[in-house]
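Visitor: I have a model open on my screen and would like to learn how to read it. Could you walk me through a few features?

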Amino acid sequence: MTTQDSFVRVAEMADVPPGKAIAVRVEDRSLALFNHEGTIYATDNQCPHMGYPLIRGRARNGVLQCDWHGWSYAMAGGGCFTGGCDDLDTFPVEVRGDDIHVKVAGVASRRTGAHYLLLKEGLLSRDNWVLSKAVAIMLAQGVSEDETLRLLVTHLGKHVATEHDANGSFRLAQVANGIEVARRLPPDDRLIPLMMAAKGASGRAGDRPDRQPLPPPVTWEKLADWVRTFSRDRDWEGIEKCLVTARATGGCDERIIPLAFECVLAPHFIGFGFHLRHLVRLAELLGEFGWEVTEQLVCNLAAKMLGRHRGTPDGVRREAIEAYTALQDDLEKLAEPDGSVDLDDDAFGEALLSGELGTAFGAVTAALQSGVHVNRIADAMVMLGADRMARTPVSLNPGWWDLAAEIQTGSAIRGVHRHAGYALAAKAAYHAAWQFYSDRWLNIPNRPLSRSKLDTVAATTAPDDERTAIVAAIESIRVNDVGPLVRKHLAAGHPTGELLDEIALALLKHDTGWDILDTLRVVYDEAEACREHPAAHQLMVGLARFTTGARRSNNSDSATRTARRFARRETAVDLY
């Protein structure tokens, strides 16, 4: 090849007989040359749909059709005739004697700047491939992650407002947790959780008239009182009206999330711990992206969660509601201690797992009254749930999702403390205690956490080989083998970070990471928060067993692997 006045000599006319096409490489990209109806055309050889080499396509009447899925493009300008696809990059051609010259330098790619449109298309279609492709191109082109995530969160707000009831909070959790898990992984491995986050935000987003605030005079105190009343009455539309009015009134922004936590921690929400966990995620998104991006999501989804239909409680839950109601006045007066008082994890765990509601709630009350900080209570609850997950038998129903809820709700206590203060975090501890009590059906013998301590042993195998064996046990669904392998790896003193990433990728690439994403994110959080706890290793053992026992083949890696290749401008031939 030779370069002259920005044109590159790429071939001779004899190389491209009439009606034929060849591929040439210019500046690290594959170009397709066509001799069609007496004219030489140069296009990107990568089909904008899924990267199939276009030299294998069919040219007719100036239209190029990809041979894989039939997507069609104008050969002269690159315009796409098939809905849902980018235009094709085309390049100026000059025939100089017997030589074909193509200009690539300085020709703007049609893909540049089109990724936002592609992402919007994926968000509306809920297509994994389109979402993966859009995110992969954005990452490859150095698009600000913040811009991408803002688009996801904005779309999520519109989607939930028009298409979902209170259970839209599960979509919210998928978005928030997908974003956070992606940030914990190496850059090359972030695409799958980001695609999952995008999938959580995706779906129809119809028009919805803006909710107008109430006319004055209204005060925050009156609005807050109405929100509490509407929450008790399960009237989410009234709550949304109040929240919209609070935003319009001004000066109330910092009070809205604490009020939402106050409502979702009320006695009648005992048994709805998932809303407590999801409200923590909503507060996180608000804190990161601000009201400008999240206003519709916060006002609409928080209202739906606080005003959800809760049904008539059964006898056991009614007993819990009454016991928890009697504690409200004392809990609201709690002052935050200095954290100097420790907690006897063994005694606390025994009470929590006693199968007696009064004993379980009593253990939380005694800890709080003695000056134990709620974060220390969260430590014990997370570790207790992890230890149970690490030991649960798998011959019958292992209760993976219930055990995951124990860990997640225990961890949510920290989120409430961070976003709504100490007194409400103390109330959250009772909701977490209820989760353990409601799991009394699980066939897991109680064991003091102190007996979970891991004794250090000398390494006998290379850490890379050990991690490979752990991943192999997960992928071959050997639940009883993976736990001892993880314990051996950690007992040898190997760091948890690399192992956690390996387990995460095994889960995300080949499994139903959609359902386990919440627990994976919490384990990332708690592995750091509880790193000094003697039973901290049980988080890893429990996660490994959970991901092994709960997995089912989903192959989430297929779309994202192809999307990475697409973003690198490789044709599908390179994959084969």
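Guide: We will look at a helix pair, a single helix and some salt bridges.

Guide: This is a predicted model, in which local features need pLDDT of at least 70 and side-chain atom pairs count only at pLDDT 80 or more, while totals for chains, interfaces and linings use all residues. Residues are numbered from 1 along each chain as its sequence is written, and side-chain values use heavy atoms, with hydrogens and water left out.

Visitor: At what angle do the axes of helix α3 and helix α4 cross?

Guide: Two packed helices are described by the angle between their axes and the distance between the axes. Here helices are DSSP runs (H or I, at least four residues), numbered from the N terminus. Axes are lines fitted to C-alpha atoms over the stretch in contact, with angles from 0 to 180 degrees between N-to-C directions. The axes of α3 (residues 145-163) and α4 (residues 169-184) cross at roughly 170° and come within 10 Å. The two helices are therefore roughly antiparallel, a label for angles over 145 degrees.

Visitor: Which residues of α3 and α4 meet?

Guide: From α3 come Glu145, Leu149, Leu156 and His159, and from α4 Arg171, Leu172, Val175, Ile179 and Arg183; contact means heavy atoms within 4.5 Å.

Visitor: Which residues of α18 are buried?

Guide: Buried means under 20% relative accessible area, exposed over 50%, and partly exposed in between (1.4 Å probe, protein chains only). In α18 the buried residues are Val479, Val482, Gly483, Val486, His489, Leu490 and Ala491. Just after α18, Gly493 has a positive phi of about 85°.

Visitor: How many salt bridges are there?

Guide: Side chains of opposite charge can pair when their charged atoms come close. A salt bridge is a side-chain nitrogen of Lys or Arg within 4 Å of a carboxyl oxygen of Asp or Glu, and by this rule the count is 34.

Visitor: Which residue forms a salt bridge with Arg414?

Guide: Glu526 does, with the closest N and O atoms 2.8 Å apart. Arg414 lies in helix α15 (residues 400-420) and Glu526 in helix α20 (residues 513-529), so the pair ties together parts 112 residues apart in sequence. Both Arg414 and Glu526 are buried.

Visitor: And the pair of Glu498 and Arg467?

Guide: Their side chains meet in a salt bridge at 2.9 Å, N to O. Glu498 is partly exposed at 44% relative accessible area, whereas Arg467 counts as buried at 6%.

Key
Angles under 35 degrees count as roughly parallel, over 145 as roughly antiparallel, 65 to 115 as roughly perpendicular and the rest as oblique.
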